[in-house]
Amino acid sequence: PPRALPRFRDAFLYLRGSDLSAAAALTTAGAAVGYFSALPGLRGRYTKLVAALGAHAGFWLCFQSSAGRLLGYKENEREVAMAHQVVAERERRAKVGLAAATH
């Protein structure tokens, strides 16, 4: 049966640099918001907390973007080409394995 969502491994295997930069931007923005919105005595703790929340949001944004491409909701020519290479490599290995087994 078809999968509703791609596996985590597949989604993170096909990450793009733009996904990682978006995650880094969310983490950095979270740290800045945490620093400037906290009371002076709580700045260190609050900055770490909001930066962690930003990193968590960035993680899921990466997964969502990659999964959207794998499911065909976004532009995915690069992912399709990579998937074709993986399938061709598997077929080549299967043929080599069958040829070695018959000799």
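Guide: In this predicted model, helix α4 gives the largest share of the lining of the largest pocket, namely six residues.

Visitor: Which helices each supply at least two residues of that lining?

Guide: At least two lining residues come from each of α1, α3 (43–71) and α4.

Visitor: And what's the volume, and which residues are closest to the centre?

Guide: The volume of the largest pocket is about 310 Å³. Its lining is made up of 14 residues, and those closest to the pocket centre are Asp10, Tyr14, Leu70, Ala83 and Val86.

Visitor: How do the lining residues divide into nonpolar, polar and charged?

Guide: Eight of the residues lining the largest pocket are nonpolar, one is polar and five are charged.

Visitor: Okay, switching to charges. How many salt bridges does a search of the whole structure find?

Guide: The search over the whole structure gives eight salt bridges. One of them joins the side chains of Glu79 and Arg16, with an N to O distance of 2.9 Å. That pair connects distant parts of the chain, since Glu79 sits in helix α4 (residues 77–102) while Arg16 sits in the loop between α1 (8–13) and α2 (17–37), 63 residues apart.

Visitor: Are those two buried or exposed, and why?

Guide: Glu79 counts as buried because its relative accessibility is 3%, below the 20% cut-off that defines the class. Arg16 has a relative accessible area of 18% and is therefore buried as well.

Visitor: What else does Glu79 form a salt bridge with?

Guide: Glu79 also forms a salt bridge with Arg78, where the closest N and O atoms are 3.7 Å apart, a distance that is within the 4 Å limit for a salt bridge. Arg78 is partly exposed, at a relative accessible area of 37%.

Visitor: And where do Arg93 and Glu89 lie?

Guide: Both Arg93 and Glu89 belong to helix α4, and they are four residues apart, which is about one turn of the helix. Salt bridges with shared partners also join Arg16, Asp19, Arg69, Glu75, Arg78 and Glu79 into one network. As for the Arg93 and Glu89 pair, the two side chains form a salt bridge whose closest N and O atoms are 3.1 Å apart. Arg93 is exposed, with a relative accessible area of 58%, whereas Glu89 is partly exposed at 29%.

Visitor: New topic: how many aromatic pairs does the search find?

Guide: Eight aromatic pairs turn up in a search of the whole structure. In one of them, the ring centres of Phe8 and Phe12 are 6.4 Å apart and the planes meet at 15°, so the pair is stacked.

Visitor: Why stacked, and where do Phe8 and Phe12 lie?

Guide: The pair counts as stacked because the angle of 15° between the planes is under the 30 degrees used as the limit. Both Phe8 and Phe12 are in helix α1, four residues apart, or about one turn of the helix. Phe8 is partly exposed, with a relative accessible area of 47%, and Phe12 is also partly exposed, at 27% relative accessibility.

Visitor: Which residues do the ring pairs link into a cluster?

Guide: Phe8, Phe12, Phe59, Trp60 and Phe63 are linked into a cluster by ring pairs.

Visitor: Last one: what lies over the face of Tyr35?

Guide: Arg43 lies over that face of Tyr35, at 4.6 Å from the ring centre.

Note on methods:
Residues are numbered from 1 along each chain as its sequence is written. This is a predicted model: local features need pLDDT of at least 70, side-chain atom pairs count only at pLDDT 80 or more; totals for chains, interfaces and linings use all residues. Side-chain values use heavy atoms; hydrogens and water are left out. Buried means under 20% relative accessible area, exposed over 50%, partly exposed in between (1.4 Å probe, protein chains only). Rings of Phe, Tyr and Trp (its six-membered ring) pair if their centres lie within 6.5 Å; planes under 30 degrees apart count as stacked, over 60 as edge-to-face and the rest as tilted. A charge sits over a ring if NZ of Lys or CZ of Arg is within 6 Å of the ring centre and within 35 degrees of the ring normal. On a 1 Å grid over the protein atoms alone, a cavity is a set of points where a 1.4 Å probe fits but cannot get out, and a pocket is an open set with protein on both sides within 12 Å along at least five of seven lines; lining residues have an atom within 4 Å of a point. Grid points are joined across faces, edges and corners, and a volume is the space filled by probe spheres set on the points. Ala, Val, Leu, Ile, Met, Phe, Trp, Tyr, Cys and Pro count as nonpolar, Asp, Glu, Lys and Arg as charged, and the others, Gly among them, as polar.
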